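Have the 3D view open and follow along.

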Amino acid sequence: MISSANLYALTGSGLFSLGLYGLIMYAHLLRKILAINVMGSGIFLLLVALAYRSPGQPDVVPHAMVITGIVVAVSATALALGLMLKLATHSSSTQLPDED
Amino acid sequence: MFFIAFGLLMALAWVRLQAPDVALAEAAIGAGLTGALLLAALSRLNSIEHTTAAPAYPQKSARALQLQSWLAMALLLILNAGLAYSILSLPDTGAGLTPLVTMQLEHSGVKNPVTAVLLNYRGYDTLLEVFVLLLALLSVWSMGTSQQQPEASPGPVLDNLMRLLAPVLILVAAYLLWVGADAPGGAFQAGSVLAAAGVLLLLSGWRLPTRLLDRPLRIVLIAGPAVFIATALATLLSSGRLLQFAPDWAGVLILLIETFATLSIGVTLAALFAGGRPHHPPDRS
């Protein structure tokens, strides 16, 4: 029988793969940024699920790391969105050009 | 957008995994702020796309796209199988660092283990993180000024709602900050609630008076990192180790750092939402 911590951890790895698929397949930069956020959530879920395995009280060190991660992720997202808007104003495109 | 619902579901997952601190941060930031950021970017993107014609990129044929999609899916399935195998092969229980954290908790100055880890045991992580936030804001500001948005007057309902909500949100932020020493809460959660208040105010058309935009805003932005650095230097001089708090002083110092960090985090996140450096007052530019 699969334990609930493992179920959450597997969901986390599934989210990571789903996000990576979105990152590879979609050309639109907004979708790429969204996909990176989904990947990040997957990693956070994995970390907290693994912390849940410790007997009694869950391990708090990964919790603190995830809180740090959430705040850094939102600032990185804001920066990425700013860069995307700049690109859209200057080249009027929301895709990166293909490398030839 | 589905992403906001996704964030709320994640917050529920954190509660189920007995991580209430993470749940608070996720509900405020992951669900609220990131969603608001994405929606704001989307609406600005639409206004840009309406004014300019997009250049035509050579489109790949449908067949090539399908092939690429199958290939990516196959590779990711292999990757995911590997990840799943390594997760399932981990031992079912592992104490991790819990014994160490609880053993030292009485010397840390706070009773909430997550706050103890964030600000005492691994204080330098948090110190650097506050600077990451500042750096992100500086990069966004260096890309140009925000679009001049006139002070819009919201409808009477929205206006009155905001007048009621903003003080409540500030009160909630202060409560989360104070309670963070003993129960789930702390600087990041309080800061993100403060940022949510700022974003709501920005969305409903409130603007800071221009005389506050220049120096006072910048002072609040660097107050958190500056106080953190000053405390770190003081502990370096007094005890010889960076951020090594004496047990008697730890509680006070942590509360001091957290208070200023909350202010800075809240204002930085709200400024990130506004996007771009604020316009200089007309008499200076």
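Of the 285 residues of chain B, what percentage count as buried? The figure is 42%, where buried means under 20% relative accessible area, exposed means over 50%, and partly exposed lies in between (1.4 Å probe, protein chains only).

A quick word on the ground rules. This is a predicted model, in which local features need pLDDT of at least 70 and side-chain atom pairs count only at pLDDT 80 or more, while totals for chains, interfaces and linings use all residues. Residues are numbered from 1 along each chain as its sequence is written, chains are lettered from A in the order in which they are written, and side-chain values use heavy atoms, with hydrogens and water left out.

**The overall build**

Chain B has eleven helices and zero strands. Helices (H or I, at least four residues) and strands (E, at least two) are DSSP runs, numbered from the N terminus.

**Starting at H1**

Helix H1 of chain B covers residues 2-16, 15 residues in total. From first C-alpha to last, H1(B) reaches 21 Å, close to the 21 Å expected at 1.5 Å a residue (the expected span is 1.5 Å times one less than the number of residues). Its buried residues are Phe3(B), Phe6(B), Gly7(B), Met10(B), Ala11(B), Ala13(B) and Trp14(B). Looking down the axis of H1(B), these buried residues fall within an arc of 160°, so they line one face of the helix; the arc is that of the directions from the helix axis to the C-beta atoms. There is a general point behind this: an α-helix has 3.6 residues a turn, so residues three or four places apart point the same way. On the other side of H1(B), Phe2(B), Leu9(B), Leu12(B), Val15(B) and Arg16(B) are exposed. After H1(B) comes Gln18(B), with a positive phi near 60°.

**Where the chains meet**

Now for the interface: 68 residues of chain B are in contact with 65 residues of chain A. The area buried between the two chains is about 5800 Å², and carbon and sulfur atoms give 77% of that. Buried area here is the accessible area (1.4 Å probe) that two parts lose on being put together, summed over both. Several helices of chain B each supply at least two residues to the side that touches chain A, including H1, H3 (62-88) and H8 (187-203). H2(B) gives the most, with 15 residues.

| Residue | Relative accessibility | Contacts include |
|---|---|---|
| Phe188(B) | 4% | Ile67(A), Val71(A) and Leu118(B) |
| Gln189(B) | 2% | Ile67(A), Asp21(B) and Leu24(B) |
| Leu90(B) | 33% | Leu50(A) and Arg53(A) |

Leu90(B) is found in the loop between H3 and H4 of chain B and counts as partly exposed. To get your bearings around Phe188(B), look for Ala173(B): the two are 15 residues apart in sequence and 9.7 Å apart in space, C-alpha to C-alpha.

Note on methods. Contact means heavy atoms within 4.5 Å.
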